[in-house]
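Dear colleague,

Please find the structure below, handed over for your reference. A short account of the findings follows it.

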Amino acid sequence: MEKFYDILKQLIRTPSVVGAEHPFFMRVKRELEELDLNVEYYDGVLVAKGNNPDSGYISGHADRHGLICTGHNEFQYAAFIAKNQADLRGNSNSEKLLKNFEMRFIDQKVQAYEPWSGSYLGMGIIKDAFLCNRRKNIIFKIDGLEHLLPGTAIAFMDSLEIDENGLVSAQLDNVISIAIIIYLYQLGYQGTAFFTASEEAGKSWRFLLEYFRRFDINTNELLVLDTSPYKSVDDINHLDIVLRNRDENAYFRSPLETKIKKIVLENNINYHYKDAYLENLMTSAGTKGSIGVTELGRIIDATKGEIQGATLQVPTIGYHTVEETTTKKAIDTMILVLSKLYLEEGN
């Protein structure tokens with residue numbers, strides 16, 4: 001597992017703000033090509049293929065939350081700038097958090113980079129953040145980045161922290177899934193993996209669907225990796241892996257679900273189905289709300305079920321911050337499930 005954490009540490013240090021993922025894609029591309037994989041780069045999606053590309057289809061999104069310069073000394077949350085809002089429908093976890101978390105950014109260090117080359121353009125500190133209801137976005141004031149031009153990406157400064165209790169913290173969504181996929185290739189995975197852009201802006205499914213249509217590919221075993229947010233450490237201490245029956249857009253009907261459930265039960269893994277968990281919470285509280293939106297659900301809906309699959313998620317707290325936290329046990333469990341799915345004979 002030391003190799004996995006080495007990968008994760010390096011990827012975390014490489015910025016990948018939604019809409020400005022190219023430098024991160026280049027870093028991932030190099031890591032994959034060092035493993036002698038065939039790597040293809042299309043608009044919005046990096047694709048890796050092993051020696052048996054049809055043996056698995058795994059997807060993880062490569063973007064992370066950050067800021068974009070939108071005017072002189074003006075910075076907005078990248079996922080919610082006007083050009084990205086068309087794909088957001090008000091029912092994603094990102095949008096629900098928008099009104100509740102602007103103050104958590106105060107005194108956060110950030111770094112600016114050129115979106116194409118990745119060149120470092122300076123460091124600053126967030127001094128103020130407020131929700132602008134007219135623009136439906138958080139507006140930031142940053143000391144030290146007054147020289148930037150509109151369109152410049154600004155990433156949160158971040159590094160991996162692992163404490164004595166086995167808690168792993170950083171801006172994990174969703175660099176942790178990317179690191180797990182690369183590590184899986186190191187372990188011997190020979191299938192296909194997709195690394196998608198702009199998931200936080202609700203666009204990643206479009207890039208992935210375009211790839212499938214480009215090559216006339218249908219599958220009922222697309223596995224989408226991600227993180228899943230919870231409120232307290234107690235929640236994630238008693239939960240190793242998160243599954244789903246469905247999201248707001250579609251039901252998930254895939255042979256993968258049966259395979260994963262068998263692995264979970266045989267290995268005494270603590271799990272639950274997130275949609276059922278949220279429905280139970282709402283029933284208990286007498287409220288109504290969303291059970292969440294996923295990349296997979298949007299693809300299933302758009303293809304009328306021609307593409308199907310399952311999700312596998314790591315439970316976290318501190319969602320969409322540089323202190324997002326999971327447990328080493330959850331990471332170990334994700335890798336265990338993937339290894340048994342794709343690396344053991346007969347599966």
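In which sense do β11 and strand β17 pair, and over how many bridges? β11 and β17 (residues 324–327) pair in the antiparallel sense, over four bridges; two strands pair if DSSP finds at least two bridges between them. Strands (E, at least two residues) and helices (H or I, at least four) are DSSP runs, numbered from the N terminus.

This is a predicted model, in which local features need pLDDT of at least 70 and side-chain atom pairs count only at pLDDT 80 or more, while totals for chains, interfaces and linings use all residues. Residues are numbered from 1 along each chain as its sequence is written, and side-chain values use heavy atoms, with hydrogens and water left out.

On its other pairing, β11 (residues 167–170) runs antiparallel to strand β10 (residues 161–162), joined by two bridges. The two strands form a hairpin with four residues between them, and G166 in the turn has a positive phi of about 80 degrees. S169 stands opposite E161 and also opposite T325 in β17.

Helix α5 (residues 204–214) packs against helix α9 (residues 295–302) at an angle of about 50 degrees, with the axes 9 Å apart. Axes are lines fitted to C-alpha atoms, for helices over the stretch in contact, and angles run from 0 to 180 degrees between N-to-C directions. Residues making the contact (heavy atoms within 4.5 Å) include W205 and L208 of α5 and R298 and I299 of α9.
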